[in-house]
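Hello,

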Amino acid sequence: MMAIIFFVWFALAAILCSLTAISAKESESKEFVLTLDHSNFTRFVTHHNFVVVKFYAPWCRHSQNLAPEYEKAASVLSNHHPPIILAKFDADDEANKYLAKQYRIRGYLTVKIFRNGGQMIQEYRDSRRANYIVEYLKEQISTASVEIKSAEDASGIIPQN
């Protein structure tokens, strides 16, 4: 009887460990950074109001070092409302080089922020740590000003002495 109980507990533990491992692999394999190339870049950027694109070369050490931090930031920002899209573009790929030239990518790693369907483009030159990227991009999409329609609205914004 004791052997049967032991076997049942062992089997349940093995199943539980297997399910945990499968769940961990699924969450690890999910990519939050969107991959763009010459076939979808222009269409994608023009259809979105705010997109951050990492122009990289696979062989570039700076590009390789940013990859995990960029992925972490993309994971966090995918839960933001509205989601902030982080994408990557292999600017060293032969088929993509004409677009890299069009956007004046002269070195790797270059990160650009495309606003209003690509009408406004700004280069991101700040920290390459995930938490800083997240905070910076949240600030970039936040409302710069608030409309005050009443004294009550103002009292909520202006500190009272």
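How many bridges join strand E4 (residues 110-115) to E5, and in which sense do the two run? There are 5 bridges, and the two strands run antiparallel.

Some conventions first. This is a predicted model, in which local features need pLDDT of at least 70 and side-chain atom pairs count only at pLDDT 80 or more, while totals for chains, interfaces and linings use all residues. Residues are numbered from 1 along each chain as its sequence is written, and side-chain values use heavy atoms, with hydrogens and water left out. Helices (H or I, at least four residues) and strands (E, at least two) are DSSP runs numbered from the N terminus. Two strands pair if DSSP finds at least two bridges between them.

The sheet

The sheet is open and mixed, with 5 strands in the order E1-E3-E2-E4-E5. Strand E1 (34-36) and strand E5 (120-124) are at the edges with a single partner strand each, so one side of each has no neighbour in the sheet. From one strand to the next the twist averages 30°. E1 pairs with E3 in the parallel sense over 3 bridges, and Leu34 has Ala87 in E3 as its bridge partner. E2 and E3 are also paired in the parallel sense, over 6 bridges; Tyr56 has Asp90 in E3 as its bridge partner.

Helices on the sheet

H3 lies across strand E2 (50-56), strand E3 (85-90) and E4, and runs at about 165° to E2. Axes are lines fitted to C-alpha atoms (for helices over the stretch in contact), and angles run from 0 to 180 degrees between N-to-C directions. H5 also packs on the sheet, where it touches E2, E3, E4 and E5, and its direction makes about 155° with that of E5. Contact means heavy atoms within 4.5 Å.

The helix pair

Helix H3 (residues 61-77) and helix H5 (residues 130-141) have axes that come within 8 Å and cross at roughly 45°. That makes H3 oblique to H5 (under 35 degrees is roughly parallel, over 145 roughly antiparallel, 65 to 115 roughly perpendicular, the rest oblique). By class, the contact has 8 nonpolar, no polar and 3 charged residues (Ala, Val, Leu, Ile, Met, Phe, Trp, Tyr, Cys and Pro count as nonpolar, Asp, Glu, Lys and Arg as charged, the others, Gly among them, as polar).

Regards
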